[in-house]
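I opened the model to look up its layout, its core, its surface and its charged pairs. My notes are below, in the order in which I went through them.

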Amino acid sequence: MVCLCIAIGAMLSLALPDLVTMETCPSAGTPGLPGIPGLPGRDGRDGETGEKGVPGVLSGPGQRPDEGQKGEPGVKGAVGKPGRSGVRGEEGSPGPEGPRGEPGESGSAGSQLHSAFSVARGTASPPEKASVIRFTSIITDVNKDYNTETGRFRCRVSGTYYFVYHASSEERLCLLFKLDGTSLASFCDLMYGVKNRQVSSGGLAAYLRKDQEVWLETNDYNGMTGKPEGNSVFSGFLLYPH
């Protein structure tokens with residue numbers, strides 16, 4: 001028994017320096033770096049329904065709730081479609097008299113209110129059938145209203161005119177008075193077996209408006225001549241201006 005105790009004591013004496021050395025070593029190392037944050041966790045479950053709130057205060061009759069603050073103006077909208085036309089209003093009162101106009105250009109009363117012409121056939125050849133008769137020799141033409149190129153008289157002063165013709169013929173002759181293409185009257189001298197020169201005439205009064213035209217026209221009988229010993233004349237003049 002004594003020997004066993006001695007042996008244990010010897011073993012302890014041998015291990016004791018090492019135990020002392022272990023107790024004198026540092027107790028902890030250098031702290032490490034923070035770890036990466038973990039992923040967010042899943043949403044938790046819905047909570048339980050809360051208790052019912054206290055009812056609001058009722059307003060009395062005639063009371064209005066408090067108005068909130070006025071908001072900012074909104075953006076201007078697009079232009080709408082045109083509405084229906086309204087009822088026509090009553091005629092307004094006459095306006096004040098305007099200023100007096102400037103004097104117009106001076107005119108000639110004689111040239112405005114007078115018109116007369118007289119023209120002769122001027123050729124021995126008869127006119128063409130169913131055509132305007134052109135009188136190419138001017139005897140008088142106050143306002144140059146007769147056109148020898150077209151054979152037509154153009155009205156420049158509105159009013160009542162008198163037209164007359166005197167025609168020398170050696171064959172059958174029919175003449176038409178035309179106003180803007182409308183026949184006003186017809187005159188015919190149908191000679192049968194007569195070889196001598198004949199003279200026929202006819203006339204009428206007609207109202208003409210400004211720029212209307214009058215002329216003489218033949219049909220199939222066109223025996224008018226214009227010889228010096230037997231001429232044909234067409235005349236017209238203004239009776240009453242209007």
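The entries run from the overall layout to single residues.

**Overall layout**

I noted before anything else that this is a predicted model. I looked up the secondary structure and found two helices and nine strands. Along the sequence the pattern reads α-α-β-β-β-β-β-β-β-β-β. I then checked burial: of the 242 residues in the protein, 25% are buried. For contacts with a separation of 6 or more, I found that 71% are between residues 24 or more positions apart. The accessible surface comes to about 19600 Å², and carbon and sulfur atoms account for 54% of that surface.

**Nonpolar core**

I went to the largest nonpolar core next, which has 24 residues. Phe135, Phe153, Tyr161, Phe163, Leu208 and Phe234 have the most contacts inside it. Which strands each supply at least two residues of this core? I listed S1 (116–120), S5, S7 (198–208), S8 (213–225) and S9 (233–241). S5 gives the largest share, eight residues. As a general remark, nonpolar side chains in soluble globular proteins tend to be buried together.

Leaving aside neighbours within four places in sequence, leucine 208 is in contact with Phe153, Cys155, Ser158, Gly159, Tyr161, Phe163, Leu179 and Val214.

**Serine 168**

I stayed with strand S5, residues 159–179, where serine 168 has its place. Is serine 168 buried or exposed? I read a relative accessible area of 4% for serine 168, so it counts as buried, the cut-off being under 20%. Residues up to four places away in sequence aside, serine 168 touches Arg197, Gln198, Val199, Gly223, Met224, Thr225, Gly230, Asn231 and Ser232. For glycine 230 I also noted a distance: its backbone oxygen lies 3.5 Å from a polar atom of the serine 168 side chain.

**Surface patch**

I looked for nonpolar residues on the surface and found a patch of Tyr162, Phe237, Leu239 and Tyr240. Together they have about 390 Å² of accessible area. Strand S9 supplies the largest share of the patch, three residues. I checked phenylalanine 237, which is placed in strand S9. Its relative accessibility is 37%, so phenylalanine 237 counts as partly exposed.

**Salt bridges**

I counted five salt bridges in the structure. In general, side chains of opposite charge can pair when their charged atoms come close.

The side chains of arginine 152 and glutamate 213 meet at 3.4 Å, N to O. This pair links distant parts of the chain, with arginine 152 in strand S4 (residues 152–154) and glutamate 213 in strand S8, 61 residues apart. A salt bridge also joins arginine 154 to glutamate 213, at 3.0 Å, N to O. Arginine 154 is likewise in strand S4, and 59 residues separate this pair.

How accessible are the partners? Glutamate 213 is buried at 16%, whereas arginine 152 is partly exposed at 28% and arginine 154 is partly exposed at 36%.

Last, I looked up aspartate 211 and lysine 210, which form a salt bridge with the closest N and O atoms 3.8 Å apart. Aspartate 211 is partly exposed, with a relative accessible area of 43%, and lysine 210 is exposed at 53%.

Note on methods
Residues numbered from 1 in each chain as written. Predicted model: local features only at pLDDT ≥ 70, side-chain atom pairs only at ≥ 80, totals over all residues. Heavy atoms only, no water. Helix = DSSP H or I, 4+ residues; strand = E, 2+ residues; numbered from the N terminus. Buried < 20%, exposed > 50% of the residue type's maximum accessible area, 1.4 Å probe, protein only. Polar contact = N/O pair within 3.5 Å; in protein donor to acceptor, adjacent residues only side chain to side chain. Contact = heavy atoms within 4.5 Å. Core = buried A, V, L, I, M, F, W, Y, C linked by side-chain atoms within 4.5 Å. Patch = residues over 30% accessible without salt bridge, like charges linked within 9 Å, V, L, I, M, F, W, Y side chains within 5 Å. Areas by Shrake-Rupley, 256 points an atom, 1.4 Å probe, with all protein chains shown as cover. Salt bridge = Lys/Arg side-chain N within 4 Å of Asp/Glu carboxyl O.
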